[in-house]
Amino acid sequence: MNIGNIFLTLIPIFFTIIIGYLGGYFKIFNSESSKGLNTLVTKFALPAHLFIGITTTSKQTLINQWSFFLTMTIGVIGFYIILLIVARLMFKYDLTAASMFSLNATQPAFAFMGISVLGSLFGAQEIAIPIAITGIVVNALLDPLATIVGTVGQSRLGKSKDEKTNILGIVLHGLSEPLACIPLLAVVLTLLGFQAPDIIKNALDQIGSVTSGVALFAVGVTVGIRKISLRPIAFGISILKVVAIPLYMILVAHLIGLDHADTIKAILLVSFPGSAVAAMISTRFDSLSTETASSFVISTILSLITLPLYISLLM
């Protein structure tokens with residue numbers, strides 16, 4: 001794919017983000033309405049879209065995706081663990097700060113940009129399962145793991161009194177998130193031979209079809225309402241997010257033996273900007289909250305350069 005075609009593909013995507021940014025910057029949307037947009041996408045529209053995408057896929061096609069799941073698990077969780085160790089031992093962060101640093105440098109905004117970017121490159125049907133798998137890895141594995149580590153760190157500092165209860169609740173909460181449990185349910189049903197009939201498909205498409213535009217608009221709004229800190233930590237998280245983890249994913253995909261098309265999907269899924277959800281987890285712990293919120297904005301801006309570059313090199 002040449003550069004001209006890449007920009008023609010990405011222009012509508014970034015245009016929608018810019019419109020959302022203007023809505024946030026000029027206070028047409030505030031933090032509460034931004035949260036509402038994020039909730040619409042992550043708890044309703046995208047889960048509905050993924051459920052239909054998976055349950056209209058053949059059982060054998062889904063079984064063939066085990067290597068993609070393994071790649072995403074090793075790529076995402078492995079990168080988080082590597083950064084956690086580096087931040088703890090080299091940068092001497094406390095355990096909570098190390099977890100928040102690593103989480104925000106790892107977790108991509110796949111739920112907000114994956115449908116549009118990958119859909120325009122491969123087609124909506126082709127990318128439903130890869131995005132669903134990423135959702136399972138991020139929401140059922142990465143977020144609970146990072147939150148557990150953060151909670152353990154706080155307990156060591158005397159800020160958390162009931163570590164075991166917190167950890168159990170965190171795991172259950174991660175598994176109950178729609179972006180984790182709905183794709184998991186769809187995978188189980190498909191493996192049991194279920195195929196969504198047209199009436200269910202048409203019903204869920206009513207909400208699922210808004211995913212792409214609303215998600216991109218929500219990214220823009222979130223960027224527009226946030227204040228940016230230009231501290232080195234924020235830039236460091238951003239560079240790790242849009243440069244380091246895609247390079248790491250190339251290595252993982254090669255070692256697993258992923259085919260070319262799935263390798264491209266895996267690399268692009270982790271090369272999206274940082275996640276607003278990860279930034280909100282940092283705020284919940286009151287650890288690196290300004291830096292992680294800023295890195296979300298900075299990585300979004302950097303992706304204007306890195307995404308076209310990756311697509312031109314990979315496609």
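Rings of Phe, Tyr and Trp (its six-membered ring) count as a pair if their centres lie within 6.5 Å; planes under 30 degrees apart are called stacked, those over 60 edge-to-face, and the rest tilted. In these terms, Tyr21, Tyr25 and Phe26 form one aromatic cluster. The model is predicted, so local features are given only at pLDDT of at least 70 and side-chain atom pairs only at pLDDT 80 or more, while totals for chains, interfaces and linings use all residues. Residues are numbered from 1 along each chain as its sequence is written, and side-chain values use heavy atoms, with hydrogens and water left out.

**Aromatic pairs**

- A search of the whole structure finds six aromatic pairs.
- One of them joins Phe29 and Phe217 in an edge-to-face arrangement, with 5.3 Å from centre to centre and 70° between the planes.
- Phe29 lies in the loop between α1 and α2 and Phe217 in helix α11, so this pair ties together parts that are 188 residues apart in sequence. Helices (H or I, at least four residues) and strands (E, at least two) are DSSP runs, numbered from the N terminus.
- Phe29 is partly exposed, at 22% relative accessibility. The classes are buried for under 20% relative accessible area, exposed for over 50%, and partly exposed in between (1.4 Å probe, protein chains only).
- Tyr93 and Phe101 form an edge-to-face pair, because their ring centres are 5.7 Å apart and their planes stand at 70°.
- Tyr93 is buried with a relative accessible area of 17%, and Phe101 is buried at 7%.

**Salt bridges**

- The structure holds four salt bridges, each being a side-chain nitrogen of Lys or Arg within 4 Å of a carboxyl oxygen of Asp or Glu.
- Lys265 and Glu126 form one of them, with an N to O distance of 3.9 Å. This pair links distant parts of the chain, since Lys265 belongs to helix α13 (residues 260–271) and Glu126 to helix α7 (residues 124–156), 139 residues apart.
- Lys265 is buried, at 5% relative accessibility, whereas Glu126 is partly exposed, with a relative accessible area of 47%.
- A network of salt bridges links Glu126, Asp262 and Lys265.
- Lys265 also lies over the face of Phe122, at 5.0 Å from the ring centre. A charge sits over a ring if NZ of Lys or CZ of Arg is within 6 Å of the ring centre and within 35 degrees of the ring normal.
- Lys201 and Asp205 form a salt bridge in which the closest N and O atoms are 3.2 Å apart. The two residues are four residues apart in helix α10 (residues 198–208), so about one helical turn separates them.
- Lys201 is partly exposed at 29% relative accessibility, and Asp205 is partly exposed with a relative accessible area of 25%.
- Arg231 and Glu291 form a salt bridge with their closest N and O atoms 2.4 Å apart. This pair links distant parts of the chain: Arg231 is in the loop between α11 (211–225) and α12 (232–256), and Glu291 is in helix α15 (residues 289–314), 60 residues apart.
- Arg231 is partly exposed, with a relative accessible area of 44%, while Glu291 is buried, with 7%.

**Backbone angles**

- Most residues other than glycine have a negative phi.
- Lys27, which is not a glycine, has a positive phi of about 65°. Lys27 stands in the loop between α1 (3–25) and α2 (31–55) and is exposed, with a relative accessible area of 63%.
- Lys92, likewise not a glycine, has a positive phi of about 60°. Lys92 stands in the loop between α4 (66–89) and α5 (95–106) and is exposed, with a relative accessible area of 65%.

**The second largest pocket**

- The second largest pocket is lined by 16 residues, of which Tyr21, Val223, Gly224, Val297 and Ile301 lie nearest its centre. On a 1 Å grid over the protein atoms alone, a pocket is an open set of points with protein on both sides within 12 Å along at least five of seven lines, where a 1.4 Å probe fits, and lining residues have an atom within 4 Å of a point.
- The elements giving two or more residues to this lining are α1, α11 and α15, and α1 gives the most, with five residues.
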